[in-house]
Amino acid sequence: MLVLAFDTATPAVTAALHDGARVLAESTTVDARRHGELLVPTIETVLSEAGASLRDVTAVVAGSGPGPYTGLRVGLVTAQALATSLGVPAYGVCTLDALAYGSGLTEPFLVATDARRKEVFWGHYQEMRARLSGPAVDRPQDLPGELPLVGAGARMYAEVFGASRLLDAPEYPHAGALAALAAEQLGEPGVHTVVESGTHPVLGLPHPIYLRRPDARVPSAPKKVSA
């Protein structure tokens, strides 16, 4: 097994290689404006550091969001293109699940990322592998109270949540955690069939999770001007 995983659903452009037992290489750059420019070089970096080539990859995994439309599409389109060219399966994993897994927490908590428009994307977790609800998008003040939080969205609205609820955990998803979470699932028999049926609790097809319409709109027809 050699899993190539990456995520572009947040300001972090992150990629990693996992051999089914450990993370071989990982690279992350936080830059909200350069997803398309940074992703391929980041993939090339982790391949080089691991002494591997694309031909060695047996599965491609991409963070499927939720996240801003443009950045999210960069990762998922890349995953689909690579999987097609290599003849290997491609999977999607909720970006919030990768953040939760990377936290290592064994207690109930919330994950929150920036959704812009003074909102957050969030999910409720029993522990790092078990999402109880979400993903959803809401105003920070509408999230369940008292539970501890992780993620950049939590820190962005620390004055709403209360600083005491913020845990010391990664603010952005790291592809090493994404790859490790996916690798745990890919060792199961018949996993691809379950994924295609849409019933797998972690893995999905590489399709974006959109919780609201994109900001861009098709222009409406011009108004008629009467003489």
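## A first look at the whole protein

How many of the 227 residues of the protein count as buried? The share is 46%, where buried means under 20% relative accessible area, exposed means over 50% and partly exposed lies in between, using a 1.4 Å probe and protein chains only. Before we go on, please note that this is a predicted model, in which local features need pLDDT of at least 70 and side-chain atom pairs count only at pLDDT 80 or more, while totals for chains, interfaces and linings use all residues. Residues are numbered from 1 along each chain as its sequence is written, and side-chain values use heavy atoms, with hydrogens and water left out.

Let us turn to overall size. Along the principal axes, the C-alpha atoms fill a box of roughly 65 × 55 × 35 Å.

## Surface, charges and contacts

The protein exposes about 11100 Å², and carbon and sulfur atoms supply 52% of this area. Accessible areas come from the Shrake-Rupley method with a 1.4 Å probe; for residues, only the protein chains shown count as cover. There are 18 positive and 23 negative side chains, and the centres of the two sets lie 12 Å apart. Here Lys and Arg count as positive and Asp and Glu as negative, while His and the chain ends are not counted. Each charge is placed at NZ of Lys, CZ of Arg, CG of Asp or CD of Glu.

What about contacts, meaning heavy atoms within 4.5 Å? Of the contacts between residues at least 6 apart in sequence, 58% join residues at least 24 apart.

## The sheet of six strands

The protein has seven helices and ten strands. Helices (H or I, at least four residues) and strands (E, at least two) are DSSP runs, numbered from the N terminus. Six of the strands form an open sheet with mixed pairing, in the order β3-β2-β1-β4-β5-β10. Its edge strands are β3 and β10 (203-204), each of which pairs on one side only. Two strands pair if DSSP finds at least two bridges between them.

Strand β2 (residues 12-18) meets strand β3 (residues 23-30) in the antiparallel sense, over seven bridges. In this pair, His-18 stands opposite Val-23 in β3. Four residues lie between the two strands of this hairpin, and Gly-20 in the turn has a positive phi of about 95 degrees. Strand β1 (residues 3-7) and strand β4 (residues 59-63), by contrast, pair in the parallel sense over four bridges. There, Leu-4 has Val-60 in β4 as its bridge partner.

## The sheet of four strands

A second open sheet also has mixed pairing, with four strands in the order β8-β7-β6-β9. Strands β8 (130-138) and β9 (149-150) are its edges, each pairing on one side only. Strand β6 (residues 109-116) pairs with β9 in the parallel sense over two bridges, and Val-111 stands opposite Val-150 in β9.

## Backbone details to look for

The bond from Gly-65 to Pro-66 is cis, with omega near 5 degrees, and Pro-66 is in the loop between β4 and α2 (69-86). Another cis peptide bond joins Gly-134 and Pro-135, with omega about 5 degrees; Pro-135 belongs to strand β8.

Next come two arginines. Arg-116, in strand β6, has a positive phi of about 65 degrees although it is not a glycine. Arg-116 counts as partly exposed, at 45% relative accessibility. Arg-117 is in the loop between β6 and β7 (119-127), and its phi is near 55 degrees, again positive in a residue other than glycine. With a relative accessible area of 47%, Arg-117 is partly exposed.

## A closer look at Gln-185

Is Gln-185 buried or exposed? Gln-185 is buried, since its relative accessible area is 10%. This residue sits in helix α6 (residues 175-186). Leaving aside neighbours within four places in sequence, Gln-185 is in contact with Val-191, His-200, Val-202 and Leu-203. Gln-185 and Pro-201 are 16 residues apart along the chain, and their C-alpha atoms are separated by 9.5 Å.

Methods: Contact means heavy atoms within 4.5 Å.
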